[in-house]
Amino acid sequence: MDALMEPTLYTVKGMCILDNDGNRILAKYYDKNIFPTVKEQKAYEKNLFNKTHRANAEIIMLDGLTCVYKNNVDLFFYVMGSTHENELILLSVLNCLFDTVTMILKKNVEKRSVLENLDIVMLAFDEICDGGIILDADPSSVVKRVDLRNDDIPIGEQTVAQVLQSAKEQLKWSLLK
C-alpha cells in the first residue's frame, strides 16, 4: 500500500510557453531539483513539444511529471506538476494562464503579440504562481493586477496615433465577429 504523501502548497513544478517549433518563449521552473540547469529544461521542453504538438489531448505524463497543455495558433501553453498532483488543479492554473494571456492580448494570442507584451505576460506568470504555490486562478483578477497600460484614457488626452490604433482594433473586432 502506498504511503500517504504529506499535503503541500507547492503544486506547480513549472509553466512555459513554446512556439510552434518547440522553442521557448517564456518558461519558469519552481523545483530546482528536477531541472537544475537551463540545458536540462530546454531538453525537457523539446521532448515535451515533440510528444504533444501533434497529439489531440490535454494531459501527458512525461519524465516523472504530469503536464497539462493547450495550444492556440502558433503557441503551446504548458503547466507541469508532480505525478501525484491533482490534474484538475493543474488544469485550472493552465486555464488561468491561457485566459489571462488572452485578455492581456485582447484575443490576439500569437507569438508576435506575446513577444511584444512579454513584460506583462511575465508579470502574469508571477501573479498566478510564485515558487510553485498557486496564488490566483481567476484570470480577471490577474489581469487587473498586471495591467500596466491604462486604456481608459479620455479621448481628448490621447494622441492621434492612440486614437487611430484604438479605432483599428475596434474595426478589426467588429469585422471578425
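Guide: Find Glu110, Arg112 and Glu116, because these three are linked in a network of salt bridges, a salt bridge being a side-chain nitrogen of Lys or Arg within 4 Å of a carboxyl oxygen of Asp or Glu. Behind that sits a simple idea: side chains of opposite charge can pair when their charged atoms come close. Before we go on, note that this is a predicted model, where local features need pLDDT of at least 70 and side-chain atom pairs count only at pLDDT 80 or more, while totals for chains, interfaces and linings use all residues. Residues are numbered from 1 along each chain as its sequence is written, and side-chain values use heavy atoms, with hydrogens and water left out.

Now zoom in on one link of the network. Glu116 and Arg112 form a salt bridge whose closest N and O atoms are 3.1 Å apart. They are four residues apart in helix α3, so about one helical turn separates Glu116 from Arg112. Helices here are DSSP runs of H or I with at least four residues, strands are runs of E with at least two, and both are numbered from the N terminus.

How do these two sit relative to the surface? Glu116 is exposed, with a relative accessible area of 54%, and Arg112 counts as partly exposed at 46%. The cut-offs are under 20% for buried, over 50% for exposed and partly exposed in between, using a 1.4 Å probe and protein chains only. Ser113 also has its place in helix α3, which covers residues 111-116. Ser113 is buried, with a relative accessible area of 4%. Leaving out residues up to four places away in sequence, Ser113 touches Leu105 and Asn108, where a contact means heavy atoms within 4.5 Å.

Let's step back from the network. The structure holds eight salt bridges. One of them joins Lys13 and Asp31, with the closest N and O atoms 3.3 Å apart. That pair links distant parts of the chain, since Lys13 is in strand β1 and Asp31 is in the loop between β2 and α1, 18 residues apart. Lys13 is buried at 17% relative accessible area, and Asp31 is buried at 18%. Another salt bridge joins Arg145 to Asp136, at 3.0 Å between the closest N and O atoms. Arg145 is partly exposed at 44%, whereas Asp136 is buried at 12%.

Next, the rings. The structure holds six aromatic pairs, counted when rings of Phe, Tyr or Trp (its six-membered ring) have centres within 6.5 Å; planes under 30 degrees apart are stacked, over 60 edge-to-face, and the rest tilted. Phe76 and Tyr78 have ring centres 6.4 Å apart and planes at 15°, so that pair is stacked. Both Phe76 and Tyr78 are buried. Phe77 and Phe98 form an edge-to-face pair, 5.2 Å centre to centre with 85° between the planes. This pair links distant parts of the chain, with Phe77 in strand β5 and Phe98 in helix α2 (residues 87-104), 21 residues apart. Phe77 has a relative accessible area of 0%, so it is buried, and Phe98 counts as buried at 13%. Ring pairs also tie Phe49, Tyr69, Phe76 and Tyr78 into a cluster.

Phe49 brings us to helix α1, whose buried residues are Gln41, Tyr44, Glu45, Leu48, Phe49 and Thr52. Seen down the axis of α1, these fall within an arc of 135°, so they line one face of the helix; the arc is that of the directions from the helix axis to the C-beta atoms. Their cover includes strands β1, β2, β3, β4 and β5.

Finally, the whole protein. There are six helices and seven strands, running β-β-α-β-β-β-α-α-α-β-β-α-α from the N terminus. Of its 177 residues, 38% count as buried. Among contacts between residues at least 6 apart in sequence, 54% join residues at least 24 apart.
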